[in-house]
Amino acid sequence: METTKHKSRIEFDNNVLNYENQHLYLFESFSGLKIDHLVGYDAIVLEANDADFTRIILKKFRSHSNPEFYLKPIFLINYKSSGDPIIEHLHDGILVSFDQIPEKVNDIQELFVRSTHIDNSPSGSFEVLLMKKILNYMYTRELRSFKPYPNLNSAVGFTYPLLSINFEPFEETKVLEILDWAQKENLIWPDFYDRVYLCNSCGAGHLSYREICPSCDSANMKSEDLIHHFPCGNIGPISDFKNKVDSVLNCPKCNKALRHIGVDYDKPSIINHCLTCNEVFQDYIVKALCLQCKTDSDVQYLVSKNINVYRLTKKGRNAATSGIITSEYGGMEEVFGAVDHKTFNTMMHYEQERIKHNTSQNTTIAVLHIENIYDLLRKLGKSKEKAFITELVQLIRENITPADFINISNPSLILICMNDTVSTDALQLMQKVNDKIEEMVFNNFNKFQLVMHYKTAPLNTEGAFEKQLQELTKAVTEQHD
Ligand SMILES: [Zn+2]
Ligand SMILES: [Zn+2]
Ligand SMILES: [Zn+2]
């Protein structure tokens with residue numbers, strides 16, 4: 001390496017860049033597509049000379065459900081502007097050479113410090129989880145708004161990079177749904193930017209507009225000017241006035257040559273001639289063919305949607321550090337075989353009292369965290385979510401005793417109270433439950449692999465149950481292998 005003031009202090013070995021106490025990883029196109037092993041690095045330097053590769057890797061990081069990945073500082077090197085909004089808006093800076101790494105150390109540390117302010121308590125629905133993740137990212141980067149960018153790869157024609165990377169391009173309409181939801185929850189407020197028209201059957205915005213014959217629906221038609229010859233009053237299509245020899249127009253009725261538009265003749269309108277059914281008509285119909293689902297509909301039936309710039313409200317700005325409290329909490333309460341959160345806590349208090357007076361009794365609480373369940377629920381869709389959760393509860397029920405009880409406060413977090421079970425037995429039971437759930441999902445949902453963590457602990461007889469549960473939950477949700 002050349003010797004410059006800084007370079008002597010940057011060590012480079014096997015894609016690892018060390019500078020002072022910072023460890024960066026140089027991710028190159030031949031580094032493969034896996035990112036799991038990069039969790040421990042302070043930042044990533046991404047070789048960005050290939051736009052597709054850069055987009056794929058950025059998407060992998062930013063769409064990850066673990067903050068260790070989605071909040072990771074990522075710098076691009078060898079980047080030539082591609083105009084791709086996904087790339088342009090999801091990195092933390094551009095490097096021309098490694099010499100600039102020392103200049104970025106402050107940024108890396110600052111991002112890290114801000115990431116420690118974030119509230120990590122798991123709560124709520126898919127929408128809450130996704131929005132929380134995005135607000136966390138915005139908090140660490142001190143961003144205050146979402147802007148839409150025109151993008152050919154988006155099914156609706158516009159992309160909100162931070163949100164959109166969590167979906168496939170054809171799922172872009174779901175991004176608009178999430179934004180509607182966040183607006184309703186008063187996390188963001190809209191500023192009109194543009195309007196799009198979407199297919200009323202699949203929601204896509206890639207539409208082909210055509211002028212159509214009103215009697216046979218064919219787009220094979222010819223439009224021409226209509227001519228009104230003043231001296232004789234004749235009205236007819238311009239082709240009737242033309243000849244094959246020169247450009248002079250002659251009236252087919254009175255044979256006079258037409259002289260000056262506005263003086264002896266006029267073009268009052270346009271006339272259309274269908275070349276398929278021969279119909280002649282003045283007004284055509286405009287139809288839009290959806291290039292995604294092939295539905296052909298009258299433009300009046302398209303769904304019009306505002307594309308807004310969204311700014312964070314005060315609630316939105318505070319959400320990263322204090323969590324999101326939604327107006328529509330729960331939805332998981334009435335799952336068959338499970339009890340709601342309040343009932344669960346009440347029962348735990350009784351259980352605590354019971355074992356306090358009977359020292360031979362053991363009760364274990366178990367917390368099961370399904371880290372990537374929202375990736376699965378997103379594939380299932382809202383309508384099948386409940387049925388799936390119910391099935392999950394039944395599967396757990398089959399492996400515990402009828403006196404035990406279960407609470408699902410959100411789909412990613414399952415709490416189980418195992419009465420008269422010592423912690424070591426409970427751990428074995430949880431292993432079994434874990435394997436069964438994994439197997440059921442793998443077999444029924446196209447080999448989907450759930451990422452699950454669990455912990456068990458003997459129920460404390462001292463102190464508040466809520467506090468113990470909170471600590472156990474924290475330990476499980478922050479456990480990543
Ligand atoms: Zn026709
Ligand atoms: Zn005439
Ligand atoms: Zn469609």
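A residue is classed as buried when its relative accessible area is under 20%. In this predicted model, His 229 has a relative accessible area of 1% and is therefore buried. The value for Cys 251 is likewise 1%, so that Cys 251 is also assigned to the buried class.

Both residues take part in a metal site. The zinc ion (ligand 2) is coordinated by ND1 of His 229 and by the SG atoms of Cys 232, Cys 251 and Cys 254, at 2.1 to 2.3 Å. The angles subtended by the four donor atoms around the zinc ion run from 100 to 119°, and the arrangement is therefore tetrahedral. Along the sequence, the donor residues follow the spacing H-x2-C-x18-C-x2-C. His 229 belongs to strand S12 (residues 221-229), whereas Cys 251 is located in the loop between strand S13 (234-237) and strand S14 (265-266); the pair therefore ties together parts that are 22 residues apart in sequence.

A helix pair was also examined. Helix H5 (residues 126-141) packs with helix H7 (residues 172-184) at an angle of about 90°, and their axes are 11 Å apart. Because angles of 65 to 115 degrees count as roughly perpendicular, H5 is described as roughly perpendicular to H7. On the H5 side, the contact is made by Phe 126, Glu 127, Val 128, Leu 130 and Met 131, and on the H7 side by Ile 178, Trp 181 and Ala 182. Classified by residue type, the contact of H5 with H7 comprises seven nonpolar residues and one charged residue, with no polar residues.

How values were computed: Residues numbered from 1 in each chain as written. Chains lettered and ligands numbered in written order. Predicted model: local features only at pLDDT ≥ 70, side-chain atom pairs only at ≥ 80, totals over all residues. Heavy atoms only, no water. Donors = N, O, S within 2.8 Å, 3.2 Å for Na, K, Ca; no water. Tetrahedral: all angles 85-135°; square planar, octahedral: opposite > 155°, others 65-115°. Helix = DSSP H or I, 4+ residues; strand = E, 2+ residues; numbered from the N terminus. Buried < 20%, exposed > 50% of the residue type's maximum accessible area, 1.4 Å probe, protein only. Axes fitted to C-alpha atoms, helices over the stretch in contact; angles between N-to-C directions. Parallel < 35°, antiparallel > 145°, perpendicular 65-115°, else oblique. Contact = heavy atoms within 4.5 Å. Nonpolar A, V, L, I, M, F, W, Y, C, P; charged D, E, K, R; others polar.
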